[in-house]
Every structure is written in C-alpha cells, then in structure tokens.
Amino acid sequence: LYCCALTDHCNQSYLKKKLREESVLRSSESENMASGETLAERYKREDKEISKAFWEVLDINSRGTILLRFKYYVWRMLDIPATWMKENVVDPLQKDRKIPYYHQRFNRVRTIDECAVDDMVCYEEAQMQFHLDKMVDGYILDILRNRMQRCREYYMNNAEYKCAKCIDDFEQAELNYYIKYGDMGYYGDVLTAYTKQKHRMIWERRHPEIMAARAEAREEHKRQMELGNYDPSFWKRKDPRLYKDYLISIFTPYNYSSFLRFKRDEPSQDPKFYKEREEARQKGEYKEPANPNLIWP
C-alpha cells in the first residue's frame with residue numbers, strides 16, 4: 001500500500017509539474033502574441049537564450065582545469081566578434097533587403113484524356129506535363145535510393161534489419177515508377193502511357209482474384225515487417241542477386257526459383273486458380289502444396 005501510495009503521489013506530482021510547465025508555456029506564448037512579437041523575432045530570441053545557456057554551461061564545466069579553460073577562452077575570442085558582426089551588421093542589413101523565397105508552383109494543364117483528338121496544342125501541353133511529372137518522380141526515386149544506400153553503408157552488416165523501412169520504400173517506389181513509365185521505350189509519350197494505364201485498369205478489373213491475392217500478400221508483408229521479419233525479395237521474387245538471403249537446397253544449388261528456396265511463390269497469374277481453390281476449400285478437398293525440398297528424392 002505504501003508503494004502504491006508513493007507511486008500515486010509521484011504520478012500526481014509529475015502531472016502537476018507538466019501542467020505547470022504547459023501553463024507557463026501557454027502564458028508566455030500569449031504574452032508574445034500580445035506584445036506583437038513575430039515568429040522570426042521569437043526564434044531569434046530563443047536562439048540567443050540557447051546560446052547564452054550554452055556558454056554558461058561551458059564556463060562552469062571548464063573551471064578547475066587549465067586545458068578546458070584555455071579552450072573556453074579561445075572559443076569565446078572567436079565567437080564574440082562573429083556574433084557581434086551578425087547581430088549588429090548582417091541582421092539589420094538583411095531585415096529590409098531580404099527577399100522571401102517561395103517554392104515555384106506550376107499550374108497543372110489538362111491531361112491527355114481531356115484533350116480532343118485534333119487538339120494538338122492540348123496534346124503538346126499534356127506531353128510537357130508528362131515529362132515534368134516523370135522528371136519529378138525520377139528525382140523522388142533518386143532521393144529514396146540515396147537514403148537506402150546511405151543507410152546500408154552506415155549499418156553495413158545490420159542493414160537488412162536497420163534499413164528495412166528504407167529498402168521497402170525504395171522497392172515500392174521503384175515498382176510504381178516502372179508501372180507508370182516502364183515498357184514504353186525511349187520514345188514513350190503521354191498517349192502511350194495513357195493507353196498503358198487504360199489496359200492495366202481493364203486487366204485489373206477482369207482479374208479481381210489476382211488483385212485480391214496481391215493485396216493479401218502485401219498485407220502479410222507489412223505484418224512481417226512489423227514483427228521484424230523482412231523479406232528483401234518480396235518485390236523481386238526471381239532476382240538471382242538475392243540468392244544469399246535464402247536457404248538453398250543442396251539438390252538445387254543453382255536454381256534461384258523462390259519456390260525451391262522455402263519461400264512462398266508470388267500470386268498466381270491464372271484467374272481460374274483462385275476460383276478452383278475456393279471451390280475445393282468449400283468441398284474440403286483442398287490441400288496445401290507440399291514443399292519440394294522436403295519431398296526431394
């Protein structure tokens with residue numbers, strides 16, 4: 001009972017402290033708004049307070065030692081003139097002459113599906129918009145690739161565990177980029193991309209079972225990632241470069257098929273497969289396929 005009472009007392013004191021800090025913060029914000037202080041002035045004031053606290057802590061820590069005290073005075077000699085120049089010369093000059101920077105936004109034009117067949121101006125605008133979107137998507141893909149590479153270089157042996165999120169984001173973005181711009185050749189234009197998208201949507205509507213199986217596999221992949229089990233070959237099932245991530249049977253050392261490496265195969269491309277499997281499950285006649293490595297002669 002004493003421990004429970006002590007714990008409750010500590011929790012209450014902690015909550016009171018947090019509420020007091022929040023009230024002080026709100027009161028200070030309201031005072032700043034009432035005094036007419038802008039956000040830039042507030043940030044500048046907070047930076048000064050942080051800098052002052054930093055030098056005070058450094059001063060206290062350097063007392064009693066000759067080397068640290070010498071370093072403190074050297075740093076102060078370098079900091080004082082630079083800080084004075086910035087606060088008294090640079091900031092006043094930039095206050096009236098600083099030009100605000102805004103991210104340039106281009107107005108979207110009509111897409112190719114909104115253009116008439118003989119409207120060449122609309123077609124050309126949609127073509128330029130298509131190339132601009134492709135360039136932006138390419139830059140986004142480069143950012144994700146660089147993020148993944150830096151993470152791998154930093155963690156090295158633990159990259160697949162530490163960088164699972166970066167790797168998965170890049171693989172998914174790369175697949176989406178390929179779906180949108182791939183298989184069109186160098187001279188692929190906006191009309192080709194629109195036709196490709198139309199054919200893909202028709203195919204997905206005709207094969208809902210395959211799309212449902214893919215969605216189920218994706219959800220299972222997410223659940224395994226949350227549990228810490230990342231499969232690097234989820235997006236590239238038959239990539240031989242990922243052979244080291246699998247247990248290869250001694251009977252099939254050069255076979256890089258995912259089916260022969262204790263891995264579930266990708267969703268079937270046969271629409272009849274899911275219909276027949278569902279009918280067999282309802283009748284109780286369906287059996288899970290055996291692992292070939294376990295029944296290998």
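Colleague: Before we get into this predicted model, what counts as a disulfide here?

Modeller: For this predicted model, we go by the distance between sulfurs. A disulfide is a pair of cysteine sulfur atoms within 2.5 Å. The sulfurs of Cys115 and Cys122 sit 1.8 Å apart, so by that cut-off the two residues are joined by a disulfide.

Colleague: And how many disulfides does the structure hold?

Modeller: One joins Cys115 to Cys122. Another joins Cys151 to Cys163, with an S to S distance of 1.9 Å. Counting bonded cysteines along the chain, the pattern is 1-2, 3-4. The number of disulfides in the structure is two.

Colleague: Are Cys115 and Cys122 buried or exposed?

Modeller: Buried means under 20% relative accessible area. Cys122 has a relative accessible area of 1%, so it falls under that cut-off. Cys115 comes in at 15%, so it also counts as buried.

Colleague: Now Cys151 and Cys163. Where in the chain do these two cysteines lie?

Modeller: Their disulfide has a torsion of about -95 degrees about the S-S bond, so it is left-handed. The pair links distant parts of the chain, twelve residues apart. Cys151 and Cys163 are both buried. As for their places, Cys151 is in helix 4 (residues 120–155), and Cys163 is in the loop between helix 5 (159–162) and helix 6 (164–181).

Colleague: On to helix 8. What span does it reach from its first C-alpha to its last?

Modeller: Helix 8 covers residues 208–226, which makes 19 residues. At 1.5 Å a residue, the expected figure is 27 Å, and the helix comes close to it. From first C-alpha to last, helix 8 reaches 27 Å.

Colleague: Which residues of helix 8 are buried?

Modeller: Begin with the other side: the face turned away from the buried side carries the exposed residues Glu216 and Glu226. What the buried residues pack against is helix 6, helix 7 (190–206) and helix 9 (271–283). The buried residues themselves are Ile210, Ala213, Ala217, Arg218 and His221. Down the axis of helix 8 they fall within an arc of 140 degrees, so they line one face of the helix.

Colleague: How do helix 7 and helix 8 cross, at what angle?

Modeller: Trp203, Glu204, Arg205 and Arg206 in helix 7 meet Pro208, Ile210, Met211 and Arg214 in helix 8. The two axes come within 5 Å and cross at roughly 90 degrees. That makes helix 7 roughly perpendicular to helix 8.

Colleague: Which glycine follows helix 8?

Modeller: Its phi is positive, near 90 degrees. The residue is Gly228.

Colleague: What about Met156: which loop holds it, and is it buried or exposed?

Modeller: Met156 is not a glycine, although it has a positive phi of about 55 degrees. Its place is in the loop between helix 4 and helix 5. With a relative accessible area of 59%, Met156 is exposed.

Colleague: And what is the relative accessible area of Asp183?

Modeller: Asp183 is found in the loop between helix 6 and helix 7. It isn't a glycine, yet its phi is positive, at about 60 degrees. Asp183 is exposed, with a relative accessible area of 66%.

How values were computed: Residues are numbered from 1 along each chain as its sequence is written. This is a predicted model: local features need pLDDT of at least 70, side-chain atom pairs count only at pLDDT 80 or more; totals for chains, interfaces and linings use all residues. Side-chain values use heavy atoms; hydrogens and water are left out. Buried means under 20% relative accessible area, exposed over 50%, partly exposed in between (1.4 Å probe, protein chains only). Helices (H or I, at least four residues) and strands (E, at least two) are DSSP runs, numbered from the N terminus. The expected span of a helix is 1.5 Å times one less than its number of residues. The arc is that of the directions from the helix axis to the C-beta atoms. Contact means heavy atoms within 4.5 Å. Axes are lines fitted to C-alpha atoms, for helices over the stretch in contact, and angles run from 0 to 180 degrees between N-to-C directions. Angles under 35 degrees count as roughly parallel, over 145 as roughly antiparallel, 65 to 115 as roughly perpendicular and the rest as oblique.
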